[in-house]
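Hi everyone, thanks for making time for this.

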Amino acid sequence: MPNKRFDFIVFDWDGTLMDSTMTIVRSLQGAAKDLGLPVPTDKDASHVIGLGLQEAIARVFPEMDGSMTQKVIDRYRVHYFTKDHELPLFEGVREMITDLAQQGYFLAVATGKSRVGLNRALHTSKLSSFFDATRCADETFSKPHPAMLQELTRELGQDMRRTVMIGDTTHDLQMANNAGAVAVAVEYGAHDPQTLQTCAPIFSAKNVPDLHQWLVQPK
């Protein structure tokens, strides 16, 4: 495909490929209830999606004693892992990923999930074989630090200038900006379209088919 604009497409996972935003929100709220902590609002809980879990919890509960962090993580995982096997991909994701792979794009995931969590999601969704590389928040610096994209491009020998990062949060888009990659937003996830626009994405997709069509347009 000599006319394609990108060689390497990197996706966020939660809220971008998998419809998991509200499950994450409810799991954070459930953990807070279990431990007698102030229960975050939907907005506050959804704002930290995309960050590593430890960093997300620190932001949601800024006045919490640090010694409680692991307890919150443990309770969050209890709530989340009872539901994660039921979570669907967004409509059109499987078709999009299959088509992009067939067209010869390098594909990767950069996520705030843990390695265990991403492996579970990839296994459940049966998408593991489509991705050339993945990076998780417990393996390197959390978004919006550029490390995930830097490591993925080095691993696969890709040019950052021909790499696009796609995500539903400002954390994803800021990571792309920090790394020198192209930032593309999706409007159906955790952060609202107006907030996403503060990161100046090159494109903002209203749904997965919209994203798919844009990605395969020749330059």
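This is a predicted model: local features need pLDDT of at least 70, side-chain atom pairs count only at pLDDT 80 or more; totals for chains, interfaces and linings use all residues.

I'll talk about aromatic rings, then helix packing, then some backbone details.

Let's begin with the rings. How many aromatic pairs does a search of the whole structure find? There are 5 of them. Take Phe6 and Trp214 as one example: their ring centres are 5.8 Å apart and their planes meet at 40°, so this pair is classed as tilted. If you follow the chain, you'll see that this pair links distant parts of it. Phe6 is in the segment before strand S1, which covers 8–11, while Trp214 belongs to helix H10, residues 208–215, and the two are 208 residues apart. Buried or exposed, then, for Phe6 and Trp214? Both are buried. Bring in Phe203 as well, and Phe6, Phe203 and Trp214 form one aromatic cluster.

Now a pair of sequence neighbours, Tyr80 and Phe81. Their ring centres are 6.0 Å apart, and with planes at 65° the pair counts as edge-to-face, because the cut-off for that class is over 60 degrees. Tyr80 has 4% relative accessibility and so counts as buried, whereas Phe81, at 27%, counts as partly exposed. Phe81 has an arginine too: the charged end of Arg120 sits over its ring, 4.3 Å from the centre.

On to the helices. As a reminder, two packed helices are described by the angle between their axes and the distance between the axes.

Start with helix H1, residues 21–35, and helix H4, residues 69–81. Their axes come within 8 Å and cross at roughly 130°. That angle makes H1 oblique to H4, and the crossing is right-handed. Which residues meet there? From H1, the list includes Ile24, Leu28, Ala31 and Leu35, and from H4 it includes Val72, Tyr76 and Tyr80. So Tyr80, the buried member of the edge-to-face pair, turns up again in this contact.

H4 has another partner in helix H3, residues 53–60. Here the axes come within 10 Å and cross at roughly 110°, so H3 and H4 are roughly perpendicular to each other. On the H3 side we have Leu53, Gln54 and Ile57, which meet Thr69, Val72, Ile73, Tyr76 and Arg77 of H4. Val72 and Tyr76 are listed in the contact with H1 and also in the contact with H3.

The contact is made by Val93, Glu95, Met96, Asp99 and Leu100 of H5, together with Val208, Leu211, His212 and Leu215 of H10.

Last, some backbone details for those of you who like torsions. Most residues other than glycine have a negative phi, and most peptide bonds are trans.

With that in mind, look at Lys126, where phi is near 60°, a positive value in a residue other than glycine. Lys126 is in the loop between helix H6, which spans 115–125, and S3, and at 63% relative accessibility it counts as exposed. Ala200 also has a positive phi, about 55°, although it is not a glycine. You'll find Ala200 in the loop between helix H9, 193–197, and strand S6, 203–205, and it is exposed as well, with a relative accessible area of 60%.

Where is the cis bond, then? The peptide bond from Lys143 to Pro144 is cis, with omega near 5°. Pro144 is in the loop between strand S3, 133–136, and helix H7, 147–156. The C-alpha atoms of Pro144 and Asn177 are separated by 8.8 Å, and those two residues are 33 apart along the chain. Asn177 itself is in helix H8, residues 170–179, and is partly exposed, with a relative accessible area of 39%. Leaving aside residues up to four places away in sequence, Asn177 touches Ala183 and Cys199.

That's my tour, and I'm happy to take questions.

How values were computed
Residues are numbered from 1 along each chain as its sequence is written. Side-chain values use heavy atoms; hydrogens and water are left out. Rings of Phe, Tyr and Trp (its six-membered ring) pair if their centres lie within 6.5 Å; planes under 30 degrees apart count as stacked, over 60 as edge-to-face and the rest as tilted. Helices (H or I, at least four residues) and strands (E, at least two) are DSSP runs, numbered from the N terminus. Buried means under 20% relative accessible area, exposed over 50%, partly exposed in between (1.4 Å probe, protein chains only). A charge sits over a ring if NZ of Lys or CZ of Arg is within 6 Å of the ring centre and within 35 degrees of the ring normal. Axes are lines fitted to C-alpha atoms, for helices over the stretch in contact, and angles run from 0 to 180 degrees between N-to-C directions. Angles under 35 degrees count as roughly parallel, over 145 as roughly antiparallel, 65 to 115 as roughly perpendicular and the rest as oblique. A crossing is left-handed if the near helix is turned anticlockwise from the far one by less than a right angle, and right-handed if clockwise. Contact means heavy atoms within 4.5 Å.
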